[in-house]
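Please look over the structure shown here before reading on.

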Amino acid sequence: MSIQHHLSDDTLLRHAAGRLNAGLALVTAAHLHGCAHCRGRLAAFEAVGGALLEMEAPAAMAPSAFSNVLARLEERPAPAPILRAPRRAALNLPPEMTLPPVLAGCDIGRWLWLGRGVRYSRVRLPWAPDANVMLLRVAASRAVVSHAHAAQELTQILHGGYSDSTGQYGPGDIAEHDETVLHQPRADEEGCICLAALEGGLRLDGWMGRVQRRLGL
Ligand SMILES: [Zn+2]
């Protein structure tokens, strides 16, 4: 199945400028590894940015310049996979599923209960201990509690898929959400395993939200 949901221009530009936090950068890299389209766009941004920096006086670019660079760079091959596997607990993943190579060197914990049919596994980045990164596993047809975000969330779908008010997401897709989106993802019949990073916290609705606020989370 082809990728339907890509990184936004804003996220690609922030990634190119090194301005994403470590967690968001990791999930961005996971998407880039599997998406020639976004690798091409990133390379185009970097090329245009580099060219602008080299100009003493900014000159107008031909309208086709960006798309020409894009067309050439979309053909770039995927980066070579990293052979060192992440340290990880026994996650009992589906046999056909592989973890993104960008998780090499990370420490992946065991599955922990998050809600009915929903588990998470903390992903620790030795180079950024405070990064808020997790694997999420949602059982077939289960929904995650309705929530919004304090800032930005990036979710790369690794296996299966889900739907919410913003669309349907399958393997290789990335979902970007911020504080303007209140959503309740529901896994499809295969269930869903994804890699997610948060900038800021979650704002939960319903009873879990009330518990969260009482506990001051
Ligand atoms: Zn993409």
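What follows covers model confidence, the metal site and the salt bridges.

This is a predicted model, and the chain has a mean pLDDT of 80, with 70% of its residues reaching 70 or more. A zinc ion is coordinated by His6, His31, Cys35 and Cys38, and a search of the whole structure finds two salt bridges.

**Confidence**
- Among the elements of the chain, the highest mean pLDDT, 95, belongs to helix α2 (residues 22-34), whereas the lowest, 52, belongs to helix α5 (residues 206-214).

**Zinc site**
- The donor atoms are ND1 of His6, NE2 of His31, and SG of both Cys35 and Cys38, lying at 2.1 to 2.3 Å from the zinc ion.
- The angles among these four donor atoms run from 93 to 131°, and the site is tetrahedral.
- Along the chain, the donors follow the spacing H-x24-H-x3-C-x2-C.
- Cysteine 35 counts as buried because its relative accessibility is 2%, and cysteine 38, at 0%, also counts as buried.

**Salt bridges**
- Aspartate 9 forms a salt bridge with arginine 41, in which the closest N and O atoms are 2.5 Å apart.
- Because aspartate 9 lies in helix α1 (residues 9-16) and arginine 41 in helix α3 (residues 36-54), this pair ties together parts that are 32 residues apart in sequence.
- Aspartate 9 counts as partly exposed at 43% relative accessibility, whereas arginine 41 counts as buried at 10%.
- Aspartate 10 forms a salt bridge with arginine 14, with the closest N and O atoms 3.9 Å apart; both residues lie in helix α1, four residues apart, which is about one turn of the helix.
- Aspartate 10, at 46% relative accessibility, counts as partly exposed.

Conventions
Residues numbered from 1 in each chain as written. Predicted model: local features only at pLDDT ≥ 70, side-chain atom pairs only at ≥ 80, totals over all residues. Heavy atoms only, no water. Donors = N, O, S within 2.8 Å, 3.2 Å for Na, K, Ca; no water. Tetrahedral: all angles 85-135°; square planar, octahedral: opposite > 155°, others 65-115°. Buried < 20%, exposed > 50% of the residue type's maximum accessible area, 1.4 Å probe, protein only. pLDDT = per-residue confidence, 0-100. Helix = DSSP H or I, 4+ residues; strand = E, 2+ residues; numbered from the N terminus. Salt bridge = Lys/Arg side-chain N within 4 Å of Asp/Glu carboxyl O.
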